[in-house]
Amino acid sequence: MKTIFSLLLLFTTVIFTVDSQNKGYDIGDVATDFKLKNIDDKWVSLSDFKEAKGFIIVFTCNTCPYAVAYEDRIEALNKKYAPKGYPLIAIMPNNVKTKPGDSMKEMQKRAKQKGFTFPYLMDADQSIYPQYGATKTPHIYVLELTDRGPVVQYIGAIDDNYKDAALVKNKYVENAVDALLDGVPFEVHKTKAIGCSIKL
Amino acid sequence: MKWLLTLVIFLSLSCKPETKASINLEVHDFEGIAPYLELEDSKTYVVNFWATWCAPCVKELPHFEALQAKYEDSVEVTLVSLDFPHQYETKLKPFIKKHNLKSKIVVLDDPDMNSWIPKVNPKWDGAIPVTLIYNTSKRLFYSRTFTYQELEAELKTFL
């Protein structure tokens, strides 16, 4: 009996593991739109951006030191690319009961302090980040608007030096968006970086 | 002038003994850490990637300490800290001292993360904690947290 139970457990584990690996988007997948509340209390969807050619989606938060290290660079990305048709949209995916420092009030405070010009949305029921497959903050998705919808073109880090923006050699997100704007292929579609796991 | 400024800063820092702990950190880039992931002897190695700012990491840290204490002859626990350099003195060293950590601690300081994360394991997405358990005959990577019972059960499959 115990063996059967162990076997069952093993199967469930295997199935779950396989399943969790298949979760989330890969390059070329069509990303879902969403309707999430912004820090100004308005609802924001991708479809609201009528002029957009694509989007820079950033899963981020107030409380992760890596996310904080990238705040100024995220703001700079929006300033540079929103006028070119690639607005940046930040989404806070953490459970605020686990991380009170990421509450809507704290998000509003942080955005005001830092002068964020991009929407800073809350994935309040934690339903959007799993569809994207985000696992940590910061975690970036560059989407290109096509006839099929918003297609995932880049997943990963902003650049290759969280510590010092001046020492960055590869601006992954900028390279991707520049290439998409120029309609030319680009090399690096996926990168990895250390981040804070999304809090359940 | 610049030299004098540095001296003043240094002196003002060293005037605060309560925030300083007499711990020598072993700090490496990934090249310096890599050998700890490839040791080949009779021991089983448990390598945990963590940081003081990572709540789930801090929560499971005592289990790694307990494991090291119980299996001190056959197992070596290595705690690879991903703390930020500017917090070595203010966060990491005080944390090590406060919790009286006995396991081997090495600090990984290498900002080009995309170059080394896949070398630890191709499946690692960059979230921490993660744990690597290996010996000369077996090697497994865990992108999860552990209770003590779970950790010991995993270790036993290597012994």
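Is Q126(A) buried or exposed, and what is its relative accessible area?

Analyst: Q126(A) is buried, with a relative accessible area of 18%; buried means under 20% relative accessible area, exposed over 50%, and partly exposed in between, with a 1.4 Å probe and protein chains only. This is a predicted model, in which local features need pLDDT of at least 70 and side-chain atom pairs count only at pLDDT 80 or more, while totals for chains, interfaces and linings use all residues. Residues are numbered from 1 along each chain as its sequence is written, chains are lettered from A and ligands numbered from 1 in the order in which they are written, and side-chain values use heavy atoms, with hydrogens and water left out.

Q126(A) belongs to the loop between β5 (120-122) and α5 of chain A. Helices (H or I, at least four residues) and strands (E, at least two) are DSSP runs, numbered from the N terminus. The backbone of Q126(A) has a positive phi, near 50°, in a residue other than glycine. D41(A), also not a glycine, has a positive phi of about 75°. D41(A) sits in the loop between β1 and β2 (43-44) of chain A and counts as exposed, at 54% relative accessibility.

The ring centres of Y25(A) and Y132(A) are 4.9 Å apart and the planes stand at 70°, so the pair is edge-to-face. Rings of Phe, Tyr and Trp (its six-membered ring) pair if their centres lie within 6.5 Å; planes under 30 degrees apart count as stacked, over 60 as edge-to-face and the rest as tilted. Y25(A) and Y132(A) are both buried. Over all chains, the structure holds 19 aromatic pairs.

Further along chain A, a cis peptide bond joins T137(A) and P138(A), with omega about -10°. P138(A) lies in the loop between β6 (136-137) and β7 (139-146) of chain A. Chain B has a cis bond from I128(B) to P129(B), with omega near 10°, and P129(B) is in the loop between β5 (127-128) and β6 (130-134) of that chain.

E75(A), in helix α3 (residues 71-81), has a relative accessible area of 7% and is buried. Not counting residues up to four places away in sequence, E75(A) touches G115(A), F116(A), T117(A) and F118(A); contact means heavy atoms within 4.5 Å. G85(A), in the loop between α3 and β4 (88-92), is buried as well, at 9%. With the same exclusion of sequence neighbours, G85(A) touches A52(A), K53(A) and G54(A). The C-alpha atoms of G85(A) and L181(A) are 8.6 Å apart, although 96 residues separate them along the chain.

The nonpolar cores come next. A nonpolar core is a set of buried Ala, Val, Leu, Ile, Met, Phe, Trp, Tyr and Cys residues joined through side-chain atoms within 4.5 Å. The largest has 88 residues, of which F49(B), W116(B) and W124(B) touch the most other members. Its largest share, 6 residues, comes from helix α6 (residues 172-182) of chain A. Another core, of 22 residues, lies apart from it and includes Y25(A), A31(A), A52(A) and I57(A). Leaving aside neighbours within four places in sequence, the contacts of W124(B) include K192(A) and I194(A) in chain A and F49(B) and W116(B) in chain B. Ring pairs link F30(B), F49(B), W116(B), W124(B) and F141(B) into a cluster.

As for chain B itself, there are 6 helices and 7 strands, and 46% of its 159 residues count as buried. In helix α6 of chain B (residues 148-156) the buried residues are Y148(B), L151(B), E152(B) and L155(B). Seen down the helix axis, these residues fall within an arc of 95°, so they line one face of α6(B); the arc is that of the directions from the helix axis to the C-beta atoms. They pack against β2 (44-50), α3 (55-70) and β3 (75-81) of chain B.
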